[in-house]
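The paragraphs below lead through a model of two protein chains, starting from the place where they meet and ending with a single side chain. Please keep the sequence and the structure in view while reading.

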There are 2 protein chains.
Amino acid sequence: MTTTKRSRQREAILEVVQGTKCHPTADWVYSEVRKIIPNISLGTVYRNLSQLSEKGTIQKLHMGTASEHFDGNPNPHYHVCCTQCGKIDDIDAEPFEKFNAWAADMYDGEIFEHYTLFTGKCSQCKSIKF
Amino acid sequence: MTTTKRSRQREAILEVVQGTKCHPTADWVYSEVRKIIPNISLGTVYRNLSQLSEKGTIQKLHMGTASEHFDGNPNPHYHVCCTQCGKIDDIDAEPFEKFNAWAADMYDGEIFEHYTLFTGKCSQCKSIKF
DNA sequence: ATAATAATAGTAACAGTTATCAATATTAAA
DNA sequence: TTTAATATTGATAACTGTTACTATTATTAT
């Protein structure tokens, strides 16, 4: 098992991901990190985002879109995608375990976990009169 | 709004998707449809799978993998991905509406729907002794 | 200091998908 | 039935997000 060496790039990437609630894509992280390390390469961003999510420091989120999103909060929690503005909000709550039990009841195999994405309307969009 | 003309290609594609429970990718559909129409092009398969899922005849499933999967059953239902063999099983049940209510309770916006993928072990893998 | 090697920048390659376009097939109307 | 209009096709190029490659640089343990 290969040891890990620190790098200023990885630390900057982690800071960017942990410093936002926007659940960014690799490209967004790249453009932000370049403000700190202008000549960082996109490959480095991808490499470190993968490494960090494999280590469990951050999360990789599959939003059903072309590109992956990342979340600086490694704890399992749900997300709501606003159908109006596209914003991804957190729902900070423990996993809804009853759901697994409910599914297991209708499935002849075993159920381990569930990955859920909610759609909805965020509070800002909700309050816009039109 | 542009009208639709029948095509033997689209009908073959639909038959293939409706004729399997394996939740195939475009590539799998392509290789199957070629048994019926050997010179069909991959672009045609993609084009029709998109069109059919936009029309609501089939479903496009985001499995969090590189390629999209399709489901000949257009009715909303859940899926379980076996962590051992990768098979995607159906759970034929109505959406678990309580889940939306539960989420709405902790969210200051509105909740419309949820998309869930379960992980687990399918019945075949479950029965294998090792 | 030095040696070992993890990480980098830069770039090419890759996979899945979408776009382009001339030729073909389907449909509605004459 | 021809004809005209146009949706669809096969073939292929282009595009996007991501990963792989490689020589160079940075980090760490000795």
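Predicted model: local features only at pLDDT ≥ 70, side-chain atom pairs only at ≥ 80, totals over all residues.

Polar contacts are present, however, and the count between chain A and chain B is eleven residue pairs, with both partners at pLDDT 80 or more. On the side of chain A that touches chain B, two or more residues come from each of β3, β4 (88-91), α4, β5 and α5 (123-127) of chain A, and β5(A) provides the largest share, twelve residues. By residue class, that side of chain A divides into 16 nonpolar, ten polar and eight charged residues.

The extent of the interface can be given in two ways. Counted by residues, the contact takes 34 from chain A and 33 from chain B; counted by area, about 3100 Å² is buried between chain A and chain B, with carbon and sulfur atoms giving 67% of it.

In soluble globular proteins, nonpolar side chains tend to be buried together. Apart from neighbours within four places in sequence, I91(B) is in contact with A103(A), M106(A), Y107(A) and I111(A) of chain A, and with H77(B), Y78(B), V80(B) and F118(B) of chain B.

Taken by itself, chain A has five helices and five strands, which run from the N terminus on as α-α-α-β-β-β-β-α-β-α. The C-alpha trace of chain A spans about 55 × 50 × 25 Å along its principal axes, and of its 130 residues 42% count as buried. Among the contacts in chain A between residues at least 6 apart in sequence, 45% join residues at least 24 apart.

A last stop is Y30(B), which lies in helix α2 (residues 26-33) of chain B. Is this residue, Y30(B), buried or exposed? Y30(B) counts as buried because its relative accessibility is 17%, and the cut-off for that class is under 20%. Beyond its neighbours within four places in sequence, Y30(B) is in contact with I40(B), S41(B), L42(B) and V45(B), while V16(B), 14 residues away from Y30(B) in sequence, is 9.3 Å from it in space, C-alpha to C-alpha.

Notes. Residues numbered from 1 in each chain as written. Chains lettered and ligands numbered in written order. Heavy atoms only, no water. Contact = heavy atoms within 4.5 Å. Buried area = accessible area lost by both parts, 1.4 Å probe. Polar contact = N/O pair within 3.5 Å; in protein donor to acceptor, adjacent residues only side chain to side chain. Helix = DSSP H or I, 4+ residues; strand = E, 2+ residues; numbered from the N terminus. Nonpolar A, V, L, I, M, F, W, Y, C, P; charged D, E, K, R; others polar. Buried < 20%, exposed > 50% of the residue type's maximum accessible area, 1.4 Å probe, protein only.
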